[in-house]
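This report describes salt bridges and a surface patch in one protein model. Please view the sequence and structure below before reading on.

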Amino acid sequence: MRAERMIKEYPNLKRELSVLEFQLSRCEGIDYDTVISSLTFSKPEGERVQTSGVSDVTARAALAYRKVADRMSDEWLSYLAGQYGQIKEELDFFEHAVRGLSGKLPEIVWDMAVERFTWEELMMKYHISHTMVAKYRKKAIKELDVLYEERDRQTESFILR
């Protein structure tokens, strides 16, 4: 039923991919230099003024913070890239599979899933009945499911070798 889900969810996945692209393009990580600067070079205000410079505790805290900030930035970037890769792979495979359908199915399914035509618009464009739209959709899902199963077999074969 992945094919049916992809037909329904295609626009949502495209939107999610777009948001991930934006986040990846803007991913700068956590700005730790400013925080480290303020931690290591700040001096207490008020009557008690430290005269010995930056304490070791503050410097160690700043370095620990930098390591944590680096790790968190790397994890965030890795998460975004992983999500992007998974969604991109699913969309690319779906689009490839749709193009490989038989007969009129590639155009009809493309208009249905990608272009988001209503059934009435499909009926008018292709000069077919409501029943034929349903039959084409059912046939396309059947063919797409076969392609998804083949992809699964190939992946399983690779993993088990």
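The text below covers the salt bridges and then the surface patch.

The model is predicted, so local features need pLDDT of at least 70 and side-chain atom pairs count only at pLDDT 80 or more, while totals for chains, interfaces and linings use all residues. Residues are numbered from 1 along each chain as its sequence is written, and side-chain values use heavy atoms, with hydrogens and water left out.

Ten salt bridges are found in the whole structure (a side-chain nitrogen of Lys or Arg within 4 Å of a carboxyl oxygen of Asp or Glu). The table gives some of them.

| Salt bridge | N to O distance |
|---|---|
| Glu 4 and Lys 8 | 4.0 Å |
| Lys 88 and Asp 92 | 3.0 Å |
| Arg 151 and Glu 90 | 2.8 Å |

Arg 151 in helix H6 and Glu 90 in helix H3 lie 61 residues apart, and the pair links distant parts of the chain. Helices are DSSP runs (H or I, at least four residues), numbered from the N terminus. Arg 151 is buried at 13% relative accessible area (buried is under 20%, exposed over 50%, partly exposed in between; 1.4 Å probe, protein chains only). Salt bridges with shared partners join Glu 4, Lys 8 and Arg 137 into one network.

Glu 4 and Lys 8 are four residues apart in helix H1 (residues 2–26), so about one helical turn separates them. Glu 4 is partly exposed at 22%, as is Lys 8 at 48%.

Phe 158, Ile 159 and Leu 160 make a nonpolar surface patch of about 380 Å² (residues with over 30% relative accessible area and no salt bridge, nonpolar side chains being joined within 5 Å). Phe 158 belongs to helix H6 (residues 130–160) and is exposed, with 52% relative accessibility.

Key
Patches are made of residues with over 30% relative accessible area and no salt bridge: like charges are joined within 9 Å, nonpolar side chains (Val, Leu, Ile, Met, Phe, Trp, Tyr) within 5 Å. Accessible areas come from the Shrake-Rupley method with a 1.4 Å probe; for residues, only the protein chains shown count as cover. Helices (H or I, at least four residues) and strands (E, at least two) are DSSP runs, numbered from the N terminus.
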